[in-house]
Amino acid sequence: MFRNVSPLRDRMSRVVLPLLLAVAFVLYTGFVDGNPGVAADHWWDRPGHLVVNAFPGLLTAGLLLVLTRRAWLSFGLAFLAQGVVLAVSAIKMKNLGSPLLPADFRMVGQLKNGGLHLLGGYLPANPLPYLAIIAAIALVVMAARVEPPLFARRTHGRRLVSGIALFALIATLFAGVPAWSTMYDKNRLGMQPWSAAANAGDNGVVTTIMQFRLQNAGKKARPDPTSAAQFLASTDGALREHMAAAAANPRQTPDIVVVQSESFFDPSVIRGMEHDDLAPNLHRLAEHASVGRLHVPTFGGGTIRTEFEVLTGLSLRYFPSMQFPYLQMSSGVMPGMVRTLRSHGYETIAVHGNDPGFWNRTSAFRSLGFDRFVSQADFPRDAPRSGEYMADSAMTDEIMRQLKNDGPPRFVFAISMEAHGPYDKSANIDTAERDAIAVPDGLSDAAKMQLRNYIYHMRRADAELGRLAEQLKQRERPTLLLFYGDHLPALVEAYDKLGFTDGGNMLTQTVPYILIDAHGDGPAPQRDDVAAWMLPGRLLERAGIHDDPYFALTQVMGPHLAALTHAPDAPSPPEDDIARHTDGPMGNIALLRMKRKLDPLVAQYLAPPAAPATARPAGIFADEPAVGAGQ
């Protein structure tokens, strides 16, 4: 009888230990996650929510157990990996107001392209988290060395079958196979697709990652040409009238400069700073320029979201799965403003004082139609730095070097870096000038430092706007200058504690834009609010280019839809009747445009193409044909 007890106890121990570690893993996930909906101290209220939030980690621990045969080692590695994911999500939440989402994992591939330096700036300076990670790794190593196997190496195929099954479950889960939607069902667990932050607060970070991964599983957007044709027919009169009015602008072909100013906004919209004129050049130039508020599709980061909308005229509202467009664009031809300008004889140049591979810009700019990309290595070696990045003054100098008084007209799209966060660093700045900047009371010392650092760099961006506008005014050639901010800076504590003068929140705030006609020989200035995807149509018409019906349509329909552009986690504003009847059809048309299937539907509006005035010189992308906007 006693001989039968020991094997039974042995088998029980093999089951009990993994089960106890699994329970500990579920509670650990809730504790480290920190969101109230999955808090470990309330496990009895919503046990199902805690389990599904920990489930991917449990599967990983199970697969490691099959491979290593050691329970403490397997769960220790899973604990460590889960902790890293949740810590990264907490850092993102602190700086950007949003948890980790599926698209964020695409950033891993960008670490080698300057991303490690940029994202590393957001890591905590306190050594304690790193010591904790080292201690956890040491414990895992110890477990690997001293822990005996839980079961035999040879199990007559059971380990092989279990390992394959677990691997298949993990692979299909992370691949977003629709069948997993049953476990992460939005009706059973609840889901707030309009707010990832609110969803994480209720369901936890891991569940939020999986729900957002699975929300469009198995769905593929398909454009409807018939519906698009019906919508175009309903807008025919307004579209033709708008294009005829735009054609009445017989101006001389100008050079075009677009400056996307990193995190630029006017801090006077913050309560307590209403009377501070921190952007004097913007305000001075606005008296004789087209100006307004710009609705952008991101907050605190994700520059390429705004950049994509400006260069293509496509609203990311209609492509919800495209969080980082340059990382998700298929290679080939992307229609947009750059190709329209190329079809009118422009040489197209991108300027950016950073690694060209970051955000996949080298490939993306080729698809968008740029002839040349002037990046960090092409700037002078002694180009000044301000803060962690290249100074805006160096960008202004490079813009002027790219403009010539002979040859074809030029389009220069410049992306600044100086005012990029994080804002707790003080390298390459005048600290005395920074410390003299007045900021409202009621903030922590760290938040005051961040706000001062931001304003220090933002004022230099404003100064460079004034300098660039003055230099363009002195040129022989007529020149248009479009300057705008890509998003608000991530100053979360300042926004939370001070608030905004309009009573809104940080995710719904706009940034300024200004369109300057350096010689003043174009149409009268306009003053209105627009969305980022409306800017290319506005700019092209100011340049006398009015033969792209899609861009004309963005001007006709855009005013009804502009306010619907906002950061992904922002609450959607109410839609009036016009917006409700326009939003869906414009999404269908945007999808056709992206897939380059819109041309046959708008051919009736096309004017005869203008012959390019001169041949464009060769550049790094010169091997690509100069196809027009409709290609």
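Trainee: Is arginine 317 buried, partly exposed or exposed, and what is its relative accessible area?

Mentor: This is a predicted model, so the value is computed from predicted coordinates. Buried would require under 20% relative accessible area and exposed would require over 50%. Arginine 317 falls in between and is partly exposed, with a relative accessible area of 31%.

Trainee: With which residue does arginine 317 form a salt bridge, and how far apart in sequence are the parts that the pair ties together?

Mentor: The partner is aspartate 583, and the closest N and O atoms of the two residues are 2.6 Å apart. Arginine 317 lies in the loop between α13 and α14, whereas aspartate 583 belongs to helix α23 (residues 577–594), so the pair ties together parts of the chain separated in sequence by 266 residues. Aspartate 583 is buried, with a relative accessible area of 10%. The partner asked for is therefore aspartate 583, and the separation is 266 residues.

Trainee: Which parts of the chain does the salt bridge between arginine 46 and aspartate 202 tie together?

Mentor: In this pair the closest N and O atoms are 3.6 Å apart. Arginine 46 is partly exposed at 23% relative accessible area, and aspartate 202 is also partly exposed, at 29%.

Trainee: Are glutamate 307 and arginine 361 buried or exposed?

Mentor: The side chains of these two residues meet in a salt bridge, with an N to O distance of 2.8 Å. The pair links helix α13 (residues 303–312), which holds glutamate 307, with helix α16 (residues 361–368), which holds arginine 361, across 54 residues. As for their cover, glutamate 307 and arginine 361 are both buried.

Trainee: How many salt bridges does a search of the whole structure find?

Mentor: Some of the charged residues are joined in a network, as with Asp255, Arg475 and Arg477, which are linked by salt bridges. Over the whole structure, the number of salt bridges found is 23.

Trainee: Which strands stand at the edges of the open sheet?

Mentor: The sheet is built from eight strands of mixed pairing, in the order β4-β3-β7-β1-β8-β9-β2-β10. A strand with a single partner has one side left without a neighbour in the sheet, and the strands placed so, at the edges, are β4 and β10 (530–531).

Trainee: Which residue in β9 stands opposite leucine 480?

Mentor: Strand β8 (residues 479–485) and strand β9 (residues 511–517) run antiparallel and are joined by five bridges. Opposite leucine 480, the residue in β9 is aspartate 517.

Trainee: What covers the buried residues of α17?

Mentor: Helix α17 spans residues 392–402, and its buried residues include Asp392, Met395, Glu398 and Ile399. Their cover includes strands as well as a helix, namely β1 (255–261), β3 (347–352), β4 (372–374), β6 (389–390), β7 (410–415) and α19 (445–473).

Definitions and conventions: Residues are numbered from 1 along each chain as its sequence is written. This is a predicted model: local features need pLDDT of at least 70, side-chain atom pairs count only at pLDDT 80 or more; totals for chains, interfaces and linings use all residues. Side-chain values use heavy atoms; hydrogens and water are left out. Buried means under 20% relative accessible area, exposed over 50%, partly exposed in between (1.4 Å probe, protein chains only). Helices (H or I, at least four residues) and strands (E, at least two) are DSSP runs, numbered from the N terminus. Contact means heavy atoms within 4.5 Å. Two strands pair if DSSP finds at least two bridges between them. A salt bridge is a side-chain nitrogen of Lys or Arg within 4 Å of a carboxyl oxygen of Asp or Glu.
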